[in-house]
Amino acid sequence: MVFSSLTFLYLFLPLCFICYYIAQKTSSRNVILLVFSLVFYAWGEPKYIFLMIATAFVDYAFGLLIDRFRGRWQAKLFLSLAAVITLSSLALFKYSSFFSENINSIFSLHLPNLNLALPIGISFYTFQALTYVIDVYRGSVKVQPSFYKLLLYVSMFPQLIAGPIVRYSDVEEQIEERTVTLKNISAGVMRFSVGLLKKAIIANFAGQLTDKLIGGDLTGLSSAGAWVGIISYTLQIYFDFSGYSDMAIGLGHMFGFSFPENFNYPYYAVSISDFWRRWHMTLSSFFRDYLYIPLGGNRKNWALNMLIVWLLTGLWHGASWNFVLWGLYYFVFLMLEKMYIGKYLEKLPRAVGHIYSLVVIIVGWVFFYFDDLSKIKYFFKAAFGAANGFVTLTEKTVIVNYAVLLIIGAVCAMPILPHIKNLVGSISKTRGGKVAVDVLSVLFVIFSLVISTASLVGNSYNPFLYFRF
């Protein structure tokens with residue numbers, strides 16, 4: 001089940017809210033939210049729900065053992081076992097085919113290819129479960145004695161499938177006790193509505209343009225077709241993923257939870273380092289706190305540590321060589337900024353940094369989009385070689401038809417929302433202004449629901465891009 005589906009919007013979510021708000025005690029609400037979360041996951045992946053439950057149980061059990069033997073060598077042993085077992089399912093389902101195929105190709109072996117289907121959201125809930133057991137070992141969170149509460153943390157449907165990656169420390173106290181206020185519900189509904197518009201309108205239509213320009217045969221691709229196609233994908237992946245994060249955070253507010261932010265206008269970055277402080281922030285902080293710093297961080301072997309982090313960042317997104325190249329691509333630019341060009345970027349006008357960053361980011365999405373390395377070659381040949389001319393008649397027609405969408409997407413990717421919020425805050429200071437803002441807020445929610453529903457009718461399945469990671 002996906003947030004941007006009519007089943008979720010008009011059946012699952014209303015029923016969940018009714019049951020949740022009827023219950024008064026936090027313990028009852030936890031049980032209701034857990035049941036609906038399991039149903040949400042089992043809706044599309046019924047057999048893999050047991051894998052998610054098993055992952056949660058492994059870290060629950062080892063968390064208890066680590067707490068019992070705290071300060072002794074056994075605690076470190078149990079942490080190691082927890083990490084190995086937790087990551088083994090991710091390795092099996094996500095990477096076994098990739099490694100067997102490459103080993104067979106290099107060494108002419110015949111290792112079996114299991115061809116296992118990738119469980120939805122496994123990369124996200126695996127990392128979340130892992131942060132719990134690591135933080136228990138570090139003593140930064142208390143061990144959770146109740147399995148169902150830890151399972152609720154791992155399986156909570158608002159952020160289960162595609163993040164943000166919520167650490168146990170983020171919701172530790174809220175699982176035990178939380179208050180749902182009308183203000184939180186209102187803020188959550190507004191945030192969810194913004195995310196729904198991002199996904200159902202901008203991301204989905206940008207995806208249509210991307211598919212028409214670079215989603216098929218590339219042998220006849222023109223220079224303009226290549227660039228507009230990858231720019232449309234640049235917009236699609238941002239509004240798709242940030243839209244999901246907005247909806248997840250909004251749902252969290254409605255249930256009384258506060259989830260961490262995941263995006264901060266990444267295309268407004270003035271450097272690649274700045275971009276990665278703004279894009280998928282919970283993943284970046286995960287690799288920083290649980291891998292880069294433990295490896296030594298900036299203290300020793302920092303270049304090697306960065307290489308390891310970015311290789312794994314690429315592989316986390318998918319078991320394919322294009323993702324490895326994507327990770328290495330960003331490693332190179334981050335190294336260049338750290339060692340050479342970073343100090344010059346700081347002295348140049350911000351506009352120069354914006355342009356530089358956008359060019360690097362847009363080109364980087366080429367490695368992310370195409371999982372076939374030969375298509376990457378065809379793309380760059382068209383983009384920089386103009387082998388098929390500047391633009392074909394068919395491409396020109398398609399681009400013109402979607403021109404308004406591209407302009408809207410480009411504008412909305414910039415940080416205009418904070419200015420709107422400041423303006424709304426100023427207007428709300430008067431009694432009449434507050435009434436006007438409240439009325440406009442209700443109208444916006446209704447508008448977003450109506451226009452998104454109209455867009456979703458006829459689209460039986462429109463998953464978020466990060467579901468496959």
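N301 is placed in the loop between α12 and α13 (302-317), where helices (H or I, at least four residues) and strands (E, at least two) are DSSP runs numbered from the N terminus. The phi angle of N301 is near 50°, a positive value in a residue other than glycine. Most residues other than glycine have a negative phi. N301 counts as exposed because its relative accessibility is 54%; buried means under 20% relative accessible area, exposed over 50%, and partly exposed in between, with a 1.4 Å probe and protein chains only. The structure is a predicted model, in which local features need pLDDT of at least 70 and side-chain atom pairs count only at pLDDT 80 or more, while totals for chains, interfaces and linings use all residues. Residues are numbered from 1 along each chain as its sequence is written, and side-chain values use heavy atoms, with hydrogens and water left out.

A positive phi also occurs at H280, a residue other than glycine, with a value near 45°. H280 lies in the loop between α11 (272-276) and α12 (281-295). In contrast to the exposed N301, H280 is buried, with a relative accessible area of 1%.

The protein as a whole has 20 helices and zero strands. Its C-alpha atoms fill a box of roughly 70 × 65 × 50 Å, taken along the principal axes. The radius of gyration is taken over C-alpha atoms, and the globule rule is 2.2 Å times the number of residues to the power 0.38. For 469 residues, a compact globule would have a radius of gyration near 23 Å, and the value of 23 Å for the protein agrees with this. Of the 469 residues, 53% count as buried. Contact means heavy atoms within 4.5 Å. Among contacts in the protein with a separation of 6 or more, 77% come from residues 24 or more positions apart.

Several pairs of helices were examined for packing. Two packed helices are described by the angle between their axes and the distance between the axes. Axes are lines fitted to C-alpha atoms, for helices over the stretch in contact, and angles run from 0 to 180 degrees between N-to-C directions. Angles under 35 degrees count as roughly parallel, over 145 as roughly antiparallel, 65 to 115 as roughly perpendicular and the rest as oblique.

Helix α4 (residues 73-107) and helix α5 (residues 122-138) have axes that come within 10 Å and cross at roughly 175°. The two helices are therefore roughly antiparallel to each other. On the α4 side, the residues in contact include A75, L79, A83, L87 and F93, and on the α5 side they include I122, F127, L130 and Y137. The contact of α4 with α5 has 13 nonpolar, four polar and two charged residues. In this classification Ala, Val, Leu, Ile, Met, Phe, Trp, Tyr, Cys and Pro count as nonpolar, Asp, Glu, Lys and Arg as charged, and the others, Gly among them, as polar.

A75 lies in α4 and is buried, with a relative accessible area of 3%. Not counting residues up to four places away in sequence, A75 touches I66, F69, R70 and Y137. A75 and Y137 are 62 residues apart in sequence and 7.2 Å apart in space, C-alpha to C-alpha. A83 is also found in α4, but is partly exposed, with a relative accessible area of 23%. Between A83 and L130 the separation is 47 residues in sequence and 6.7 Å in space, C-alpha to C-alpha.

Helix α2 (residues 26-44) and helix α6 (residues 147-155) pack at an angle of about 50°, and their axes are 9 Å apart. α2 and α6 are therefore oblique to each other. Residues S27, N30, V31, L33, L34, S37 and L38 in α2 meet Y148, L151, L152 and S155 in α6. Seven of the residues in this contact are nonpolar, four are polar and none is charged.

The axes of helix α1 (residues 6-22) and helix α20 (residues 431-456) come within 9 Å and cross at roughly 125°, which makes α1 oblique to α20. L6, L9 and Y10 of α1 and L449, T453 and L456 of α20 make the contact. By class, five of these residues are nonpolar, one is polar and none is charged.

L9 is also one of the residues touched by F192. F192 lies in helix α9 (residues 182-214) and is buried, with a relative accessible area of 8%. Leaving out residues up to four places away in sequence, F192 touches F8, L9, D246, M247, G250, L251 and M254.
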